[in-house]
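Dear colleague,

I am passing on the structure below for you to look through. My notes on what was found in it follow directly after.

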Amino acid sequence: MTPSAWDETTVRRVIDAHKERPGALLPILHALQAEFGHVPRGSVPLIAKALDRSRAEIHGVIGFYPHFREQAPGAHVLQICRGESCLAMGGEHLAEHAKERLGCEFHGTRADGAVTLEPVYCLGQCGCSPALQFDGEVYGRMTPARLDELLREKGLV
Amino acid sequence: MSVTVYVPRDSSALAVGAEALAEAIQREAAQRGVDLRLMRNGSRGLFWLEPLVEVATPAGRIAYGPVQAQDVPELFDAGFLAGGAHPTRLGPIEQIPYLQSQQRLTCARIGLIDPLDLDDYLAHGGYRGLHRALEHAPEEIVAAITASGLRGRGGAAFPAGIKWNTVREAPGNVKYVVANADEGDSGSFADRLIMEGDPFALIEGMTIAALAIGATQGYIYLRVEYPHAHATLERALATAYRAGYLGADVAGSGKRFDVEVRLGAGAYVCGEETALLESLEGKRGMVRSKPPLPALRGLFDQPTLVNNVLTLATVPYILAEGAEAYQRLGTARSRGTLPIQLAGNIARPGLIEQPFGISLREILYDYGGGSATGRPLRAVQVGGPLGAYVPAAHFDLPLDYEVFAAQGAVLGHGSIVAFDDTVDMARMARHALAFCAAESCGKCTPCRLGSTRGVEVMDDVLAGRQVETKVALLRDLGETMRLGSLCALGGMTPYPVLSALEHFPEDFTAAAARSRLG
């Protein structure tokens with residue numbers, strides 16, 4: 001997805017498209033994040049008004065769910081699975097390697113803003129551990145060498 | 001004559017190169033002028049063989065695996081389209097012992113059919129259960145589920161029939177069916193295999209449940225980490241609507257049932273049914289106090305049936321084949337089959353659906369072939385990140401809800417994660433507590449604070465600081481969390497922690513800390 005800049009008309013359009021659905025908040029947040037790559041801070045009061053809930057409540061929901069971001073991530077997102085199955089197959093080593101390669105910790109972004117590194121608690125690819133996800137694509141049976149290869153393919157090293 | 005070749009579209013197959021493989025096969029066929037029909041099936045769940053290709057021949061479907069894109073020209077040269085010999089040839093898929101020896105009831109169609117082809121689903125017994133259900137009164141459908149002995153496969157193992165009956169009898173004009181597809185347990189992938197490989201089974205199961213309890217609206221609460229399952233479900237739902245299996249007049253019955261997919265947002269605790277309902281309502285996924293039961297006051301305060309994907313996907317079989325066909329399998333109070341998910345450090349990870357009663361040893365060695373690394377297996381974690389660690393000395397335990405409970409362990413959602421002898425069980429105990437700290441909804445103190453204090457205690461143990469005192473503290477903390485937490489997240493985190501401590505005390509000593517620090 002290509003994150004777009006703040007645009008109130010789009011935010012209002014997205015909110016209007018979903019606000020009548022029962023339990024509309026998560027669908028709205030997902031749609032906004034699909035549009036902008038994150039949930040822009042400025043959308044919180046607009047959502048609150050549309051759903052007749054307080055801004056604090058909307059903010060609280062965004063903060064509760066790890067998937068929702070209030071700030072744009074790096075151009076690419078690399079998620080390393082932290083599930084036990086991946087740990088049993090060298091997942092810890094893979095995570096350490098990723099941190100070293102990118103020069104950042106989990107929840108951090110490489111200095112040039114190109115890649116954000118995140119932990120994820122299970123991708124459900126336990127039959128092909130260890131697994132990771134790069135911009136939504138899943139990769140299994142990973143090794144540090146294969147991660148390097150992937151980063152090269154993506155033009156990141 | 002056209003030859004049919006199957007390359008899975010399952011995300012695990014894609015994760016190891018199935019897409020590039022499918023493209024290579026089509027390219028090669030075009031170059032050679034071969035008339036080839038490429039079918040994208042689900043995964044058979046034999047993951048060490050993925051990407052697994054099957055070719056339809058007069059002698060049945062012949063399997064090759066694992067196959068990569070670069071192997072394709074060679075496969076064509078070897079005549080694989082006629083089942084020709086090649087080092088990756090595995091023979092007829094149905095005769096691979098790993099698969100042949102299983103009794104797949106819930107997962108009978110995964111890998112076999114095109115998951116998005118409703119006609120393929122119908123040709124393999126699909127919607128027979130619904131048609132049978134439509135011939136019966138709601139209480140008779142519930143009676144069949146009760147008689148089958150089916151228990152909730154999400155982890156709690158509550159008798160499904162009792163839950164269904166509670167919702168059926170609950171007063172209320174609006175009732176809901178919610179499929180819990182928030183499969184967050186590490187080591188689990190059976191829900192995903194169903195949703196990606198046989199989505200109509202889930203939809204049919206939900207529809208039968210709706211008829212039984214009198215619901216008109218269903219939700220599939222799906223974790224956002226499953227984008228492939230999401231895409232498959234959306235397409236399957238659209239197909240079911242077009243064919244009249246959902247909507248205002250389900251299969252010509254005059255009854256309405258609608259289903260919608262709702263995405264979670266990365267919170268593990270939303271797999272707990274009351275937190276899930278809060279999330280569906282657009283709130284933080286905070287666990288509710290029970291009572292009231294969700295069956296009586298659930299989604300938007302209305303009577304709600306929440307069942308796991310596997311539970312619902314088993315319902316069509318029970319209706320189609322009869323409760324007795326399901327009930328005759330299994331052990332004491334664990335009836336029917338369990339789709340077991342074998343993962344971690346294991347040579348042959350995969351999906352193994354067998355009647356309850358099979359032992360861990362059979363799963364780990366006969367199916368799994370021992371560790372992937374060739375080293376001895378030291379421990380397995382059964383039932384997800386909140387499940388107990390079971391040492392090698394207990395590998396003869398049969399898979400049975402009550403037998404496991406008596407050992408202080410759980411079957412959970414049926415996942416088994418194997419570890420070889422290089423595993424540091426004190427680190428795994430710390431991992432369990434850190435996971436709980438990250439995922440706690442924060443509503444109750446034992447879980448919210450206990451998990452964080454537990455991580456600190458484990459850091460001391462790992463570093464060899466006041467080990468005996470800290471281990472005593474850890475036990476005490478575990479008891480507090482187990483007895484004092486509101487839901488299974490805080491209440492069961494002590495299972496992996498204390499089982500690691502009980503069975504592997506040698507990893508929780510000052511000496512272990514010294515060797516750890518080198």
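Chain A is divided into domain 1 (8-64) and domain 2 (76-153), with bounds that come from an automatic or database domain assignment, and the C-alpha centres of these two domains of chain A lie 30 Å apart. Please keep in mind that this is a predicted model, in which local features need pLDDT of at least 70 and side-chain atom pairs count only at pLDDT 80 or more, while totals for chains, interfaces and linings use all residues. Residues are numbered from 1 along each chain as its sequence is written, and chains are lettered from A and ligands numbered from 1 in the order in which they are written.

Turning to where the chains meet, 35 residues of chain A are in contact with 47 residues of chain B (two residues are in contact if their C-beta atoms, placed from the backbone, lie within 7 Å). On the side of chain A that touches chain B, the largest share, 4 residues, comes from helix 5 of chain A, where helices are DSSP runs of H or I with at least four residues and strands are runs of E with at least two, numbered from the N terminus.

As for chain B, its secondary structure comes to 22 helices and 16 strands, and its C-alpha atoms fill a box of roughly 75 × 60 × 40 Å, taken along the principal axes. Among contacts in chain B between residues at least 6 apart in sequence, 73% join residues at least 24 apart.

With best wishes
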